[in-house]
Amino acid sequence: MNRLKKLKKIRIHREGTGILIASALLLLGINAFVFVVSDYKLPFYIIAIASIIVYMLMVNFFRCPIRLFEQDTEKIVVAPADGKIVVIEEVDEHEYFHDKRLMISIFMNITNVHANWYPVDGTVKHVSHQNGKFMKAWLPKASTENERSMVIIETPEGHTVMARQIAGAVARRIVTYAKAGEDCYIDEHMGFIKFGSRVDVYLPLGTEVCVKMGQKTTGNETVIAKLK
């Protein structure tokens, strides 16, 4: 599937709109109150500067660049998130496949874009959410013990791929847009995770890995693997 090249644009993700509006009103109220009751302007200036910094960090967190994958998507697996590769290994997957899979994990810190994209074209076969712990997202046990959402996709070539959104010690809300039975495509948003977190991609054994440990990824742009 070919993509037309378009300029990248930055917008605010819909998951952040309500939070940003409420936060702006709250911060404006606090600053107005301090301005009225304070006999000295220094406390107001300090709080005003701190409010601007906090608000800009929130805007940065909820930013959502518009990206289009510019290559053929056949058998391609793209990074579902911005972040850093923290795991590339064969693992026993017991929750859905019950066999050995190649797992590639991307850790997102608080400064990364937190929108999640579909890693492959295909059809969504299964979606589930599992409550769990809130351990640090980079720990190995986080993949199976933390709160998580699982999206199973069957590609046009018949490969089955799992994308697992994982909550972290700070991130305690996972939003998943995928619905079973729907077609899905690279370029589309699969979901959103608030604050630091992680996305695991489970692939068939024999898949060609195109990234290395510690490599930074750009969601919907970095090719992380090629299916057989």
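Modeller: The model is predicted, so local features need pLDDT of at least 70 and side-chain atom pairs count only at pLDDT 80 or more, while totals for chains, interfaces and linings use all residues. Residues are numbered from 1 along each chain as its sequence is written, and side-chain values use heavy atoms, with hydrogens and water left out.

Colleague: Why is glycine 219 called buried?

Modeller: Buried means under 20% relative accessible area, exposed means over 50%, and partly exposed is in between (1.4 Å probe, protein chains only). Glycine 219 has 0% relative accessibility, so it counts as buried.

Colleague: Where is glycine 219 found?

Modeller: In the loop between strand E15 (216–217) and strand E16 (223–226). Strands (E, at least two residues) and helices (H or I, at least four) are DSSP runs, numbered from the N terminus.

Colleague: What is glycine 219 in contact with, leaving aside its neighbours within four places in sequence?

Modeller: Contact means heavy atoms within 4.5 Å. The partners are Arg67, Ala79, Pro80, Ala81, Asp82 and Trp117. Take tryptophan 117: it is 102 residues from glycine 219 along the chain, yet their C-alpha atoms are separated by 6.6 Å.

Colleague: What makes glutamate 93 and arginine 164 a salt bridge?

Modeller: The rule asks for a side-chain nitrogen of Lys or Arg within 4 Å of a carboxyl oxygen of Asp or Glu. Here the closest N and O atoms are 3.1 Å apart. That is within 4 Å, so the pair passes. Glutamate 93 lies in strand E4 (residues 83–93) and arginine 164 in strand E9 (residues 160–167), so the bridge ties together parts 71 residues apart in sequence.

Colleague: Are glutamate 93 and arginine 164 buried or exposed?

Modeller: Glutamate 93 is at 3% relative accessibility, so it counts as buried. Arginine 164 is at 1%, so it is buried as well.

Colleague: How do you know that arginine 164 also meets glutamate 95 in a salt bridge?

Modeller: The N to O distance is 2.8 Å. Arginine 164 is in strand E9 and glutamate 95 in the loop between E4 and strand E5 (99–108), so this pair ties together parts 69 residues apart in sequence. Glutamate 95 has 30% relative accessibility, so it counts as partly exposed.

Colleague: How many salt bridges are there by this rule?

Modeller: Seven. One of them joins arginine 101 and aspartate 99, at 3.2 Å from N to O. Arginine 101 is buried because its relative accessible area is 12%. Aspartate 99 is partly exposed because its value is 32%. Salt bridges that share partners also join Glu93, Glu95, Arg148 and Arg164 into one network.

Colleague: What makes strand E3 and strand E14 edge strands?

Modeller: Three strands form an open antiparallel sheet in the order E3-E16-E14. Strand E3 (76–78) and strand E14 (208–209) each pair on one side only.

Colleague: How do you know that E14 and E16 pair?

Modeller: Two strands pair if DSSP finds at least two bridges between them. E14 and E16 have two bridges, in the antiparallel sense. Valine 209 has alanine 225 in E16 as its bridge partner.

Colleague: Why is histidine 98 called exposed?

Modeller: Its relative accessible area is 56%, so it is over the 50% mark. Histidine 98 lies in the loop between E4 and E5. Its phi is near 60°, a positive value in a residue other than glycine.
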